[in-house]
Amino acid sequence: MKLFPRILLLLLALAPLSACSAPSAAPVEGQDYDLIANPGPFAPLAGKIEVVEVFGYTCPHCAHFEPQLKEWVSKQPADVRFTAVPAAFGGYWDSYARAFYAAEQTGVLGRSHANVFKALHEDRSLPVQNVTPAELATFYSSYGVQPAQFEQALRSQAVDDKVKNARAFAMRVQVPGTPALIVNGKYLVKGRTFDDTLRITSALVAAERAAARK
């Protein structure tokens, strides 16, 4: 075999390896993310890079995304602050948004969060629609919260205020659905798959980190 064909075959063989080792392309506005017209973080940044997930317990896509998102969050450095924000779109969305903040108020959110998805989408032990305060209180009692205490939290002004704030944020950043990731209140991620969503989010976090160092 002549030298040129041998070189050509070698280059063709190495091309896939080169593609695998090449860095990911920078996110493209309009394709990978939208710039938020009325930007602003969910909470003061205080030197952090904020990643917000607007989610719904009743959303099956959010349930499927949760384990992968949790793993991604666990690998983030200390300068990244992840905040889950329940979607309060009305009706049963609001019922579970209130449950999220009532669980936070009673100190059981960390232990119960993933299991609410499981109860709704696997065990069917919680109803998607028309869930009652008593049903929610019974569910959270397994985490050590007295039912009366949980129902009181559900009705509290603090939970009212947090649900209103969550609704206002989702409306301001114009989330098209759930789950939705927002970086620093500036970028609405538009991934085609969960892997793609997290890839884009990581790149935007890196870009914000680099910008802060300039």
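This is a predicted model: local features need pLDDT of at least 70, side-chain atom pairs count only at pLDDT 80 or more; totals for chains, interfaces and linings use all residues.
**Notes on a helix pair and a sheet**

1. Helix H3 (residues 92-105) packs with helix H4 (residues 109-121) at an angle of about 155°, and their axes are 9 Å apart. Angles over 145 degrees count as roughly antiparallel, so H3 is roughly antiparallel to H4. The crossing of the two is right-handed.

2. Who makes the contact? On the H3 side, look for Tyr96, Phe100, Ala103 and Glu104; on the H4 side, for Leu109, Ser112, His113, Val116 and Leu120. By kind, the residues of this H3 with H4 contact split into 6 nonpolar, 2 polar and 1 charged.

3. Now the sheet. It's an open one, with 5 strands in the order S1-S5-S4-S2-S3, and the pairing is mixed. At the edges you'll find strand S1 (33-35) and strand S3 (80-86); each has a single partner strand, so one side of each has no neighbour in the sheet. On average, neighbouring strands are turned by 25° against each other, direction ignored.

4. For a closer look at one pairing, take strand S2 (residues 49-55) and S3: they pair in the parallel sense over 7 bridges.

5. Helix H2 (residues 60-74) lies across S2, S3 and strand S4 (180-183), and H2 runs at about 165° to S2.

Methods:
Residues are numbered from 1 along each chain as its sequence is written. Side-chain values use heavy atoms; hydrogens and water are left out. Axes are lines fitted to C-alpha atoms, for helices over the stretch in contact, and angles run from 0 to 180 degrees between N-to-C directions. Helices (H or I, at least four residues) and strands (E, at least two) are DSSP runs, numbered from the N terminus. Angles under 35 degrees count as roughly parallel, over 145 as roughly antiparallel, 65 to 115 as roughly perpendicular and the rest as oblique. A crossing is left-handed if the near helix is turned anticlockwise from the far one by less than a right angle, and right-handed if clockwise. Contact means heavy atoms within 4.5 Å. Ala, Val, Leu, Ile, Met, Phe, Trp, Tyr, Cys and Pro count as nonpolar, Asp, Glu, Lys and Arg as charged, and the others, Gly among them, as polar. Two strands pair if DSSP finds at least two bridges between them.
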